[in-house]
There are 2 protein chains.
Amino acid sequence: MEELKEKLKVKGLKLTPQRRATLEVLFNNQGQHLNTEEIYAIVKEKCPEIGLATVYRTLQLLDEMGLISKLNLDDGCSRYEFNNHDEDHQHHHLICQSCGAVIEVELDLLDQLEEAIEKEYRFRIKDHKVKFFGICSNCD
Amino acid sequence: MEELKEKLKVKGLKLTPQRRATLEVLFNNQGQHLNTEEIYAIVKEKCPEIGLATVYRTLQLLDEMGLISKLNLDDGCSRYEFNNHDEDHQHHHLICQSCGAVIEVELDLLDQLEEAIEKEYRFRIKDHKVKFFGICSNCD
DNA sequence: ATTTTATTTGAAAAGGGTTATTATTTGAGA
DNA sequence: TCTCAAATAATAACCCTTTTCAAATAAAAT
């Protein structure tokens, strides 16, 4: 939360109760992949006067600041998750093509690939998004 | 194109001029990442009577059949590219955060990671989508 | 503590990509 | 050729997201 205040100040932006509450919802629901409407519903419990447009604006902002990440599951809406900064990189996602489950993978193991890319394409990698599609252990 | 006819027949679907033309557009524009409107505009040259809704339906169908792949660049629309079946896996994308360029990477090097995931999570991987964000050589 | 000012918000409208509807047409097997 | 399920074109509907704008507010200046 202090990090949010800092990053906002740098850009001349304000720390409002709405922004605070929205970030808290993401923080308190790690491991889930809430979409904007779902986040809106939860934020409203603590912050009943908040508008949906504000939630959209705030999520966009938090994503740009790197505090949360947008996740696209091709279900017609954007989903978000809190960025746990204990890790260097974003975790990966396993998406079951049978039941739709979304599993988080803490393994990274992309160093070799990233090194090869940086060398071969002279591309400075800052971040990545990796999704694997297949069949989860429950469905197999 | 024969592959399309085969896969359609299996599902009891028909090979129409519209579907043929749409797949040809993707085939003839490999390396680009056309969105639906752009594809529509090109298809219209050869197939002027085609409707936009048909293009949407066809792209969805071709994606499901694995002949093309949807690509999400977070620019508010879906983009598609022809699947070159010479390779086993989808290629990766490098996305420049400065100029927006999208570069295709033929390196794979995910075997090690995929093996670890299959073992650790008992998840049978069928496909993957990998995006790297950073600064391309032109912008650096 | 007030004042000031640029930022933020809520509500509602507008936007824009995508999907659904429906009558008509058509591919492909019988 | 005949038959019929599948596909199409046109357009309306959908729905997620963004914009608009007047009112409210955080935070710095006084």
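**Reading the strands, the chains and the DNA surfaces**

Visitor: Which residue in the turn of the hairpin formed by β2(A) and β3(A) has a positive phi?
Guide: Strands β2(A) and β3(A) form a hairpin with five residues between them, where helices (H or I, at least four residues) and strands (E, at least two) are DSSP runs numbered from the N terminus. Within that turn, the residue with a positive phi, of about 55°, is Asp74(A).

Visitor: What kind of model is this, and how are its residues numbered and its chains lettered?
Guide: Residues are numbered from 1 along each chain as its sequence is written, while chains are lettered from A and ligands numbered from 1 in the order in which they are written. Local features need pLDDT of at least 70, side-chain atom pairs count only at pLDDT 80 or more, and totals for chains, interfaces and linings use all residues, since what you see is a predicted model.

Visitor: How many bridges join β2(A) to β3(A)?
Guide: Two strands count as paired if DSSP finds at least two bridges between them, and β3(A) (residues 78-82) also pairs with β1(A) (residues 34-35), in the antiparallel sense over two bridges. Strands β2(A) and β3(A) run antiparallel, and the number of bridges joining them is five.

Visitor: How far apart do the C-alpha centres of the two domains of chain A lie?
Guide: The assignment, automatic or taken from a database, gives domain 1 (1-86) and domain 2 (89-140) of chain A. Four residues of domain 1 are in contact with four residues of domain 2, contact meaning that their C-beta atoms, placed from the backbone, lie within 7 Å. The C-alpha centres of these two domains of chain A are separated by 23 Å.

Visitor: Which element gives the largest share of the side of chain B that touches chain A?
Guide: The contact takes 31 residues from each of chain B and chain A. On the side of chain B, β5 (102-105), α5 (111-121) and β6 (124-135) each supply at least two residues. With 12 residues, the largest share comes from β6(B).

Visitor: Which residue in β6(B) stands opposite Arg124(A)?
Guide: Strand β6(A) (residues 124-135) runs antiparallel to β6(B), and 11 bridges join them. Opposite Arg124(A) stands Ile135(B).

Visitor: Which element gives the most to the surface near DNA strand C?
Guide: A residue is near a strand if its C-beta atom, placed from the backbone, lies within 6 Å of it, and 25 residues surround DNA strand C, with Leu13(A) and Ala53(B) among the closest. Helices α2 (17-28) and α4 (52-64) of chain A, together with α4 (52-64) of chain B, each supply at least two residues of this surface. With four residues, the element that gives the most is α4(A).

Note on methods: Two residues are in contact if their C-beta atoms, placed from the backbone, lie within 7 Å.
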